[in-house]
Amino acid sequence: MPTVHFTRADVEHEAGRKPWTDSREFTDEVDPESIADSGVIYSRAAAEAGDAGGKARRATDTAAEAGSVDATTLVDADRRVEETSRALGDDGDDAATVAHYLALAAKDALHTAHDVDEAVHGKGGLEEVYQRELEAAGRDWADWQARPAQTPVPELALVPPARTPGGLLPPPGGNPPWPGFSESPEVAAGRIRARHLAVVKAAAVTAAETVDDDITAYHRRLTDYGSELAEHHYDIADSPLHLWTTEGMARHLADQFTGELDRRPPDPDRLLALTEGLSAILTDPYAAPGTPPDPLTETTRAYLEAFLGGLDAADLAALGALTERTEGLDPGQAGIQFAAAQRVANSVMLLLDPDLGGVDPADPQQSDDIPAAVRPFLIGTGDTTLAEGLTPAVLTQIKAPDGAYRDALTAFNGFGTLMATADTPPGDAFARVLANTAVTAQSMTQYQYMDGGYEDLANSGSGDLLSAVALNTEASAGLLTDDNFRESVLSLHWEDSSGAAALIGSGTTIPEGVDEHSDAARPYVEAAYDVLAYAGDHTGDIQGKHNGTIAQYAPLDHSSLERAVGDTMVRYMNLVSQLSGEAGSSGFHSAADGGDTLFSNLLGENYTHAFELNRDQQQGLFRLMHHADDEVRTGFERDLTAWKTATAYQAFLDDKHAPSALQAVGRVAGFEDHAARENDSGGLPMKQRITAMNTISTAAWVGAGLAGLGAVPYAGVSVGAYGLIEGLRYTLPDPGDNGVRAAQWDSIERGDEPIRTIVAYAAQAADYENPTRGESARDYPLPKPNGINETDIANGVADLEGNIYPGYWGQVVKGFDQGSLRTD
C-alpha cells in the first residue's frame with residue numbers, strides 16, 4: 001500500500017545531519033534534572049576548595065526547594081544557581097572562585113540545553129515543521145485519492161509533453177500531471193512524500209546548524225571553566241557536576257585538539273586547556289606526586305575512548321614531534337606543551353591497562369578496542385601498518401628505502417617520543433606489546449645502514465618505547481628474564497641505547513620497600529644475573545659490534561647500555577666479587593620455601609636469591625667496562641671505588657667478617673688489574689696511572705664521607721644487600737676533581753697499591769683499633785692525595801697496615817691475586 005509517511009530518521013538520513021539525535025544526546029549529556037537540583041553540588045565543591053561554612057549550608061537549603069524539571073523549572077533552576085553563587089561568593093577566594101565557575105557551568109549547561117531544545121522542539125522549530133508537513137502530506141494524499149478518475153498513463157508510452165506559456169509541463173509523476181492523464185498510486189505517493197520531505201529536510205539542516213553552533217560554543221566555554229577550576233585544584237573528574245567528563249565533551253575536545261595541532265605553531269596554553277579533562281581522570285589534585293591513577297569507571301573509560309577515538313595516528317605522531325620542536329618558546333611554554341602531550345600519553349597507558357578497567361591489548365578479542373590512532377604503531381596486535389612500513393629497511397641491499405619508508409619511520413619516531421613523555425606506567429600486557437614492538441622495529445631499521453648509511457634516518461622510536469616500558473619495573477624484570485627478548489634487546493645496534501639502558505635499570509633494581517628475601521624480589525635478582533651473564537659472554541654485543549657492517553656505518557651510541565651494565569655490576573658487586581669456577585658454575589639460584597641458598601654467609605649476609613658468575617663472565621664484564629666510553633669507564637671506576645671503600649669500612653666495623661670482605665675487595669681490584677693488563681695499548685702505563693690517581697682520590701673522599709656519616713646518629717652505613725646502592729652514592733660528598741688534578745705520581749710499583757690504600761682509608765673512617773697496641777687507625781693519619789707523591793701514601797699505608805690490622809692486609813693482597821692472576 002503506497003504511503004506518504006516519513007520518520008524523523010528518514011529526515012536525518014536525507015539531510016545528512018541529525019538534529020533530533022544531537023538534541024536528545026546533548027540533553028542526556030547535560031542531564032538538566034540533576035543540574036537543576038545542584039545547590040548541594042556547589043556547596044560540596046566549595047567545601048572541597050575551601051571552608052564554605054554556613055553559606056554552603058544556606059546553598060544546600062536553597063537547593064532543597066528544587067522540584068521537577070519542565071519548561072518552568074528551568075527558569076527556577078537558573079535562579080537557584082544564581083542564589084547559590086551569591087551565597088558562596090564571599091566565603092574565601094578559592095571557595096568563591098570554585099563556586100562561581102561551577103555556577104557558570106551549570107547555568108550555561110541549562111541555557112544551552114534550553115536553546116538546543118528550542119531549535120528542535122520550540123515554537124517554529126524543526127519538530128513543528130515536521131508535524132505540519134507530515135499532516136499536509138496526509139491531506140494531499142487523501143485529496144489525490146478522492147480525485148475524479150482519469151486516464152492512466154501507459155507505462156513506457158511516448159506521450160508528447162504539453163507546452164504552456166511558462167514552458168513544458170513536468171513529466172508523469174511531476175506536479176501537476178499532464179492534463180488528461182493520471183498517475184499510479186505509487187508515483188503519486190512518492191511525489192507527495194518527496195515534496196513535503198524536502199521542506200522538512202531544509203528545516204533540519206537549519207536546526208542542525210543551530211544545534212551544532214550552540215553545543216560547540218557551550219563546550220568551548222566549558223573548557224575555559226574547567227581550566228579555571230583546575231588552577232584552583234578542583235577535581236572536575238570527581239565533581240558531582242558531571243559536565244566535564246561526558247563523551248560529547250570528549251569528542252568536542254578531541255576535535256578542537258586536532259585542529260590546534262594543525263596550526264603552525266599550536267598554542268601550548270590551548271593544548272593544555274583542551275586536555276584538562278584527561279588530567280582530571282589521570283590525577284587527583286590532592287594526591288601525592290607519583291600516586292597511580294584510580295581505576296577507570298564506565299564514565300571515565302568512555303571519556304578516554306571518545307577523546308582518543310577522535311585522534312588519528314598522524315595526530316599522535318605530530319604531538320610527539322611537537323615536544324621536541326620548541327623553537328621560539330620560553331621554557332615555561334615548552335613545559336606546558338610537554339604537559340599536554342604527557343596527558344595524552346598517560347591516557348593511552350591508562351586506557352590500555354586491563355587491571356585498571358581498560359582494554360587488554362594482548363587479547364585478540366579486544367584488539368578492535370585499541371584506539372585506532374594507536375594500532376598502526378604496534379606490532380603483534382593485528383595491525384600490519386608498521387611492519388609493512390619498515391620492511392624496506394631489511395631490503396636495503398636490494399633496493400634503497402624510499403620516501404614512504406622514511407615517512408613511516410618518522411611517524412613511528414613521533415609516536416615513540418610521545419609515549420616517552422608518560423609518567424603513568426604501562427600495564428603488564430601493554431608493556432610487553434610496546435617492548436616487542438620496539439625490538440622488532442629496531443631489528444628491521446638497523447639494516448638500513450647496510451648500504452653505507454647515507455642520509456639514513458635514525459630510529460629513535462624504539463628506544464623511546466623502551467623508556468616508557470621501564471616505568472613498569474615488574475614488567476621490565478619479566479622481559480629481561482625472557483631469553484628471546486633479552487638476547488634480542490642486547491644484541492641489537494642502537495643509535496641511542498638509553499631506552500635499553502632504562503629497561504635494564506628498571507628490571508634489575510629491587511624497588512624501594514621490597515624485602516630482598518621476598519618472592520617479589522626474585523625477578524629483579526634473576527634479571528640482573530641474566531643481563532650480566534649475557535654481557536660477560538657477549539661483550540661485543542654490548543659494544544654494538546654484533547654485525548660488523550652495521551657497526552661500521554651506523555651512528556651507534558652504546559654508552560648508555562655500557563653504563564647500565566656497569567651500574568648493575570656495582571649494584572650486585574657483593575655477588576660479582578665472589579670466587580668463581582669454570583663455565584658450568586654460572587647460574588641463578590633461589591631458595592625454596594623461603595630458605596637461604598647458595599650464600600649463607602657472604603660479607604655477613606644471607607641470600608634467598610643469588611647468582612654466581614663464572615670466571616670468563618667476570619673477566620668479560622670487567623674487560624667490557626675497561627674498554628667502555630671514557631666517561632662511562634670513569635664513572636664505573638668511581639662507583640667501584642666507593643663500593644670497595646664502603647665494603648672495607650663495613651668490614652672494619654663488623655670485625656667478624658673482615659677477612660672475607662677484604663678478600664672480596666681485593667679480588668675486585670684484581671679483576672680490574674687483569675682487564676687493564678689485557679689492553680695491549682701503548683698508553684697503558686699512563687692509563688693505569690690516571691686510574692690509580694682517580695681511585696685513591698675517590699677512596700679519600702668516600703672515607704671522609706663515611707666517617708662523617710658515622711659521626712652522627714645513623715642506623716649504620718651499608719653498601720646494601722647486594723652491592724652499592726643509589727642512596728649511598730648520593731649521600732656521600734662530591735669529591736670534585738681537585739685532588740686528581742693535583743696528585744703527582746712517580747710510578748706504579750705494584751697493581752695492588754691502590755686497593756691497599758682504599759682499605760687504609762676505610763680503616764681510618766671506621767677508626768679501627770688494635771687493642772694489643774692500644775692504638776687506632778686514626779693515630780696514623782694518611783696524607784690527602786693533593787700535591788704529594790706516591791711514596792708518601794705508600795709509606796703511610798704500610799705503617800697503618802703493619803700496626804693496626806697486620807692480620808688483614810694480606811687478605812686484600814690474596815684477593816687481588818685471585819682476581820688479577822698475577823704471578824709477580
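These legends go with a few close-up views of a predicted model.

**View 1. The protein as a whole.** Here we have 36 helices and eight strands, taken as DSSP runs (H or I, at least four residues, for helices; E, at least two, for strands) and numbered from the N terminus. Of the 824 residues, 52% are buried, meaning under 20% relative accessible area, with exposed being over 50% and partly exposed in between (1.4 Å probe, protein chains only). Take the contacts (heavy atoms within 4.5 Å) between residues at least 6 apart in sequence: 77% of them join residues at least 24 apart.

**View 2. Glu25 and its helix.** Glu25 sits in helix H2, which covers residues 19–30. With a relative accessible area of 42%, Glu25 counts as partly exposed.

**View 3. Lys123 in its loop.** Look for Lys123 in the loop that links helix H7 (93–121) to helix H8 (126–145). Its relative accessibility is 82%, so Lys123 counts as exposed. Setting aside neighbours within four places in sequence, Lys123 is in contact with Glu118 and Glu128.

**Notes for all views.** Residues are numbered from 1 along each chain as its sequence is written, and side-chain values use heavy atoms, leaving out hydrogens and water. As the model is predicted, local features need pLDDT of at least 70 and side-chain atom pairs count only at pLDDT 80 or more, while totals for chains, interfaces and linings use all residues.
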